[in-house]
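Subject: Structure handover and notes

Dear colleague,

I am handing over the structure below, followed by an account of what was found in it. Please read the notes with the coordinates open beside them.

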Amino acid sequence: MTSNTSKHIHIATSKAPAEEAGKYISDILALSIDKPVLLLVAGGSAMSVLEYINPEYIENNLTVTVTDERFTEDVGDNNFATMQTYPFYNSLIDVDAFCINTELFAGDTIELFRDRFEKNIRDWKKEFLNGVIIGLFGMGADGHVAGIIPGIYSEEEFAKKFDGEAYATDVDATGKNEHPLRMTTTFPFMRMIDHPLFYIVGENKRDALVRATATEGTLFETPARIMLEMNNPEIFTDLAL
């Protein structure tokens, strides 16, 4: 059973939040069976939601990629490579679904890596004007979302990089993260997502979730507050607020 503390927050009470989120995605896929669908998946704990997506609704109209990616040749730290370890990925192969691969190419720079991802996203949107976009996000204990990490840029730089015209941008979190270089989707793209959902579990994320859903605050302080500017966001969590 799921209870609500607001129109945004869903608190799982008898099922794990990952299972609830997986069912939610499955329902959207079932309703979009005759439409092109783009599903973006966060790394980290949010990827566990993939285990609960019903393979019955995975069709070749589906394109899958990630919300953000680390700039590393270590496949153990690559979000897309991690996704390939889930049965969900085998279901994609079985139906000949398409994936936007975010593993590094030989000779990649962070700029090439970023530009290739943005081109792929823009090309998908251009080709499928009536397509459906689903975004599965997590949230860090610091309030970060995707690869948008607070405290690494000035407020002006933050706005220019993450809230400009680009759908994807590069990030340098040297000194703040063990994987400092990455690329990420941006706020403008996140606002375009038809069905955004957040998987947020763990007591260490309580304060960030409170900030993310508070009446007052800024994206600069808590990037996950973008959820309040997105289209009917669904938040699956084990935290009662």
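The protein contains seven helices and eleven strands, and please keep in mind throughout that the model is a predicted one. Its radius of gyration is 17 Å, close to the 18 Å that the globule rule gives for 241 residues, so the protein is as compact as a globular protein of that length. Taken along the principal axes, the box that the C-alpha atoms fill is roughly 45 × 45 × 35 Å. Of the 241 residues, 52% are buried, and the protein exposes about 11,200 Å², of which carbon and sulfur atoms supply 48%. Among the contacts with a separation of 6 or more, 72% are between residues 24 or more positions apart.

Strand S4 and its partners

Strand S4 (62-66) is mostly covered, in that five of its five residues are buried. Leu62, Val64 and Val66 point one way from the strand, while Thr63 and Thr65 point the other way, and all of them are buried. S4 runs parallel to S3, to which it is joined by five bridges, and in this pairing Leu39 stands opposite Val64. S4 also runs parallel to S6, although here the number of bridges is two, and Val64 stands opposite Cys99 in S6.

Which residues of helix H3 (residues 87-94) are buried? They are Phe88, Tyr89, Ser91 and Leu92, and they cover an arc of only 155 degrees around the axis, which puts them on the same side of H3. As a general point, an α-helix has 3.6 residues a turn, so residues three or four places apart point the same way. On the other side of H3, the residues Pro87, Ile93 and Asp94 are exposed. The buried residues of H3 pack against strand S3 (37-41), S4, helix H2 (79-83) and strand S6 (98-99), and in this list S3 and S6 are the strands that S4 pairs with in parallel.

H3 is followed by Asp96, which lies in the loop between H3 and S6. Asp96 is not a glycine, and yet its phi is positive, at about 65 degrees. With a relative accessibility of 63%, against a cut-off of over 50%, Asp96 counts as exposed.

Two further loop residues

A positive phi is also found at Asn232, which is not a glycine either and has a value of about 50 degrees. Asn232 lies in the loop between helix H7 (206-213) and strand S11 (234-237), and it is exposed, with a relative accessible area of 58%.

Leaving aside the neighbours within four places in sequence, Ser32 is in contact with Val37, Asn61 and Val132.

Three strands form an open sheet, in the order S5-S9-S8, and the pairing is antiparallel. The edge strands, each of which pairs on one side only, are strand S5 (68-70) and strand S8 (168-172). Neighbouring strands of this sheet are turned against each other by 20 degrees on average, with direction ignored. Helix H4 (residues 110-127) packs on the sheet and touches S5, S8 and S9, and the direction of H4 makes about 150 degrees with that of S8.

Within the sheet, S8 pairs with strand S9 (residues 181-185) in the antiparallel sense, over five bridges. In this pairing, Asp170 stands opposite Met183 in S9.

With best regards

Definitions and conventions:
Residues numbered from 1 in each chain as written. Predicted model: local features only at pLDDT ≥ 70, side-chain atom pairs only at ≥ 80, totals over all residues. Heavy atoms only, no water. Pairing = 2+ DSSP bridges. Helix = DSSP H or I, 4+ residues; strand = E, 2+ residues; numbered from the N terminus. Axes fitted to C-alpha atoms, helices over the stretch in contact; angles between N-to-C directions. Contact = heavy atoms within 4.5 Å. Rg over C-alpha atoms; globule rule 2.2 N^0.38 Å. Buried < 20%, exposed > 50% of the residue type's maximum accessible area, 1.4 Å probe, protein only. Areas by Shrake-Rupley, 256 points an atom, 1.4 Å probe, with all protein chains shown as cover. Arc of directions from axis to C-beta.
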